[in-house]
Amino acid sequence: MTSKIAAALFCAALGLGAPAFAARQTAASKTTATSSTTKKVPAKRVVKKRAPKQRVQTAPTPERISEIQSALAAQGTYKAQPNGKWDSATIQAMKDFQGSHGLTATGKLDAPTLQKLGLGSEIAGRAAPLPPPQTPTANTSAGQQQTP
């Protein structure tokens, strides 16, 4: 690079004009200068936010409703034959069952009600398990005492 500058100065001193490589370099530097002053601003990206999905409880199948009705009948709150339909008799039986077992009597299915009926998961509605208690590490030998 310094040899190009020296050659350009030498040619200028002799009055010969700028050498060809110097002309190319100045033309390139002009385009670089103009392109650096007119920076293109990238278009802002429009991000559409999705509407949050509402978690909706799906309706139980007729077989599951019959199973619930049978469990309510075994508890003595449902008096009709299980028909697989979530009707007013089933809702009333569910309210009676929930009220007699210390639950909020809504007539709707929930995990605690299904647990009391013997149809739910044993772990539904409970907190995550706690990590096991920490035990002494393997580095401590039986003869050494740990300092608190």
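Which residues make up the largest nonpolar core? This core has 11 residues in all: I68, A71, L72, Y78, A93, M94, F97, L109, L114, L117 and L119. A nonpolar core is here a set of buried Ala, Val, Leu, Ile, Met, Phe, Trp, Tyr and Cys residues joined through side-chain atoms within 4.5 Å. Buried means under 20% relative accessible area, exposed means over 50%, and partly exposed lies in between, with a 1.4 Å probe and protein chains only. Two or more residues of this core come from each of α3, α4 and α5 (111-117).

The model is predicted: local features need pLDDT of at least 70, side-chain atom pairs count only at pLDDT 80 or more, and totals for chains, interfaces and linings use all residues. Residues are numbered from 1 along each chain as its sequence is written, and side-chain values use heavy atoms, with hydrogens and water left out.

The protein chain holds five helices and zero strands, in the pattern α-α-α-α-α along the sequence. Helices (H or I, at least four residues) and strands (E, at least two) are DSSP runs numbered from the N terminus. Of the 148 residues in the protein chain, 15% count as buried. Among contacts (heavy atoms within 4.5 Å) between residues at least 6 apart in sequence, 20% join residues at least 24 apart.

Next comes the pairing of two helices. Helix α3 covers residues 62-75 and helix α4 residues 88-100; they pack at about 50 degrees, with axes 10 Å apart. Axes are lines fitted to C-alpha atoms, for helices over the stretch in contact, and angles run from 0 to 180 degrees between N-to-C directions. Because of that angle, α3 is oblique to α4; angles under 35 degrees count as roughly parallel, over 145 as roughly antiparallel, 65 to 115 as roughly perpendicular and the rest as oblique. On the α3 side the contact uses I68, Q69, L72 and Q75, and on the α4 side T90, A93, M94 and F97. By class, the residues of this contact are five nonpolar, three polar and no charged. In this scheme Ala, Val, Leu, Ile, Met, Phe, Trp, Tyr, Cys and Pro count as nonpolar, Asp, Glu, Lys and Arg as charged, and the others, Gly among them, as polar.

I68 lies in helix α3 and counts as buried because its relative accessibility is 0%. Not counting residues up to four places away in sequence, I68 touches W86, M94, L109, L114, L117 and L119. With neighbours within four places again left aside, L117 is in contact with I68, A71, L72, Q75, M94 and F97.

Y78 is found in the loop between α3 and α4, and at 4% relative accessibility Y78 counts as buried. The C-alpha atoms of Y78 and A89 are separated by 7.3 Å. Beyond four places in sequence, the contacts of Y78 include Q69, L72, N83 and A93.
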